[in-house]
Amino acid sequence: RLRDPGASAAPMAVASVLNLVAVVDHVEAQMTEALIESMAGHQPSRSIIVTRTSGGEGIDAHIETRRQPPDGAGGVLVEQVRLTLRGPAAVRGVASAVEPLLRRDLPMFLWWPTAPAVGDEALEDLAEGAHRLITEAGRVGDACAAIDCLARWAEKGGPALTDLSWAALTSWRQLIAQLVEPDELERLKRGSVAIVGHTGDKMTVEALLVAGWLRETLGDQLMVEMHARPDVAEGGLASIELESTTGRRLSVELIPGRRSAAVTVSPPGTGVGRRIMPLPVPDRATLLAGELEMARRDLPFERALPFSREFATR
């Protein structure tokens, strides 16, 4: 009935571009539904939201479809399935419950909003049919353990892997790439020091990932130091400093409460240049939407992970 435009309305296209499977706990289920719905106008999907519980047995299912916006010509058809798997089905039955509900003509993206533990049977089974696995390792309390999980998943192969903590670093990486000219890049590769400031007292996933990226980009002549920045509370990454053997120094420091950074460049023998540059901080929905645009492997991310794990185990 929703697809029937009626006598006076324009036909409504069923414009799903992907299957999106999310495995979340009961507390986050409603928030996850709202977040996925917010992307429907840009990335309509058949979404399947799975929650698991050890008590009881069997599967509870709720199927919902509606037109968005509800009135007027055109519109997007929202298709959403919520599954609650209980007892044994919550472990070995996840993939078999999800698979018949997928649209076969569309790729399947698996959103796993925590670190991807190798050996989790539900994750292993779902990943076999996924084109892309999107994780959120930064939501785990132990950043070093989270990085180890990511590195082990990248090593084992499987679907294209990425993480929203890595996606959140895009503006940082773009800013560094914009500020480091080709000649300076070669000087940094011949010997340099990077000081990565992480928010809070403990190392964060974001800081470890950017340290791994710098090491992979600049080579084995780079020395990396991790510094705590308890004065900065959020975001995972507070600052990046790069200094080459020639004495040229580049500093990028997040300005708390603002979507910008203070950039300082101090060439040898000249005055210090300082300016404020934009440093966007996308919200969770924007980060996820960006990762759903990509189906290929994120090679810079995968190449950075072994070095990130090395820094995490020091």
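Reader: What lies over the face of Trp166?

Author: Arg173 does, at 4.0 Å from the ring centre. The rule asks for NZ of Lys or CZ of Arg within 6 Å of the ring centre and within 35 degrees of the ring normal. The model is predicted, so local features need pLDDT of at least 70 and side-chain atom pairs pLDDT 80 or more, while totals for chains, interfaces and linings use all residues. Residues are numbered from 1 along each chain as its sequence is written, and side-chain values use heavy atoms, with hydrogens and water left out.

Reader: Which ring has the charged end of Lys156 over it?

Author: The ring of Trp153, whose centre is 4.4 Å away.

Reader: Why is the aromatic pair of Trp166 and Phe301 called tilted?

Author: Rings of Phe, Tyr and Trp (its six-membered ring) pair if their centres lie within 6.5 Å; planes under 30 degrees apart are stacked, over 60 edge-to-face, and the rest tilted. Trp166 and Phe301 are 5.4 Å apart centre to centre, with 50 degrees between the planes, and therefore form a tilted pair.

Reader: What makes Trp166 buried?

Author: Buried means under 20% relative accessible area, exposed over 50%, and partly exposed in between (1.4 Å probe, protein chains only). Trp166 has 1%, so it is buried. Phe301, at 0%, is buried by this rule.

Reader: Why are H5 and H9 called oblique to each other?

Author: Their axes cross at roughly 50 degrees. Under 35 degrees counts as roughly parallel, over 145 as roughly antiparallel, 65 to 115 as roughly perpendicular and the rest as oblique. H5 and H9 are therefore oblique.

Note on methods
Axes fitted to C-alpha atoms, helices over the stretch in contact; angles between N-to-C directions. Helix = DSSP H or I, 4+ residues; strand = E, 2+ residues; numbered from the N terminus.
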